[in-house]
Amino acid sequence: MEMLDKTTVGVGVGVGVGAAAVMWAWRRFSSPWIPSKWEEVGEVGELTIYPIKSGLGVSVNQAEATEYGLARGTLEDRAFIAMTADDNRSVSGRQLPRMTMVWLKMDGDVVSMGADGYSSVTFDLSDVRKNHKVAETKVWDQQVKGIDCGEDAARLLTEVVTEGKTKLRLLYRGDVMNNRVARRLEYYNFPKILDTDRVFYAETCAYLIGCESSLQDLNSRLEVPVTMGNFRANIIVKGSKPSDEDDWAYVKIGKAVFRTVKPCQRCILTTVDPKTGTRHPKQEPLRTLRTFRALKEPAKLAKVWSTSPLMGISTGIDVTGTVAVGDKVLVARISQNPKLTIF
């Protein structure tokens with residue numbers, strides 16, 4: 001019996017040590033790695049929340065950098081999405097440029113929505129949650145859900161975006177979109193996209209960071225300048241050098257730490273004037289951007305993105321926190337540590 005007790009104790013100790021080792025390993029590899037050395041490159045110039053996917057942005061002076069994107073109270077980034085009423089296809093400014101005209105504001109749970117030249121509508125999210133009419137659509141190849149926001153929102157979207165030609169519905173993320181994993185691209189494996197990354201209706205990442213100087217560089221080559229509204233960045237950095245963001249592996253603002261997942265490849269949506277919902281007749285600024293911001297390496301990805309030039313960086317978030325206009329922007333560079341490469 002004494003031998004049995006010792007054996008039992010030994011096994012118990014072994015299991016305990018093994019469990020502790022497993023727990024240590026889990027914590028070690030599931031916890032985000034945060035750089036210890038930072039370089040100041042500028043400050044936050046603007047913060048913008050885009051409540052509706054492809055809708056008009058809302059400028060704020062301060063916001064919470066959450067797991068899912070920027071938020072100011074109940075106003076959250078890409079928390080609403082539009083879809084066709086007859087076949088539940090999600091729509092964006094790529095297919096329907098007039099989506100960019102639609103603004104949405106929040107006062108607690110009360111939503112106001114409208115567009116220049118149209119009468120606005122209001123509805124209450126508490127009623128939307130109570131009705132809980134769930135619909136499904138897709139963001140690219142991912143199935144997503146949302147709670148239908150009712151007839152007034154649908155009528156306004158239809159009138160503004162399709163001028164009555166195609167009926168649209170507005171969906172809200174509610175309690176049905178709390179666990180959507182950030183989308184991985186099927187044609188290239190970006191190692192910095194993590195299974196723990198979450199989004200509501202954004203396509204790949206919770207954040208898009210742009211630089212004022214990169215926009216100025218582009219505008220110096222255009223006949224008619226554009227705004228960052230064409231590129232839909234959430235965080236705009238001022239004071240950095242043009243295209244310096246290509247070298248940023250991590251970005252720190254206040255306590256918030258953002259992890260660069262990939263450069264942001266640009267599409268036809270950049271040619272839409274966000275205030276008028278019209279495409280540029282010569283596909284500007286996309287055409288000019290292609291002349292000097294095409295990806296060159298790695299070759300496999302450069303081939304896929306041959307007509308998709310770069311502007312800004314798509315990021316996940318490893319440490320949440322408050323960010324504000326005027327905050328210092330610190331970065332950890334890829335060039336100073338090749339192990340931080342995003343490719």
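Me: How many disulfides does a search of the whole structure find?

Reply: Start with the idea: a disulfide is a pair of cysteine sulfur atoms within 2.5 Å. Here the search comes back with zero. Before we go on, this is a predicted model, where local features need pLDDT of at least 70 and side-chain atom pairs count only at pLDDT 80 or more, while totals for chains, interfaces and linings use all residues. Residues are numbered from 1 along each chain as its sequence is written, and side-chain values use heavy atoms, with hydrogens and water left out.

Me: Is Cys211 buried or exposed?

Reply: The general idea is a cut-off on relative accessible area: buried means under 20%, exposed over 50%, and partly exposed in between (1.4 Å probe, protein chains only). Cys211 has 1% relative accessibility, so it counts as buried. Cys149 is buried too, at 7%. Across the chain, buried residues make up 50% of the 343 residues.

Me: How many helices and strands does the chain have?

Reply: Both are DSSP runs, numbered from the N terminus: helices are H or I with at least four residues, strands are E with at least two. This chain has six helices and 22 strands.

Me: Which residues of α4 are buried?

Reply: They are Ser213, Ser214, Leu215, Asp217, Leu218 and Asn219. That is six of the eight residues in helix α4 (residues 212-219), which is mostly covered.

Me: And what do the buried residues of α4 pack against?

Reply: Think in contacts, meaning heavy atoms within 4.5 Å. The buried part of α4 packs against β14 (207-211), α5 (286-292) and β20 (310-319). For the chain, take contacts between residues at least 6 apart in sequence: 70% of those join residues at least 24 apart.

Me: Now Thr84. Where is its place?

Reply: Thr84 sits in strand β6 (residues 80-84), and it is buried at a relative accessible area of 2%. Setting aside neighbours within four places in sequence, Thr84 is in contact with Arg89, Val91, Thr166, Lys167 and Leu168.

Me: Which side chain does a polar contact join to that of Thr84?

Reply: A polar contact is a pair of N or O atoms within 3.5 Å; within protein, one must be able to donate a hydrogen and the other to accept it, and residues adjacent in sequence count only if both atoms are side-chain atoms. For Thr84 the partner is the side chain of Asp87, at 2.4 Å.
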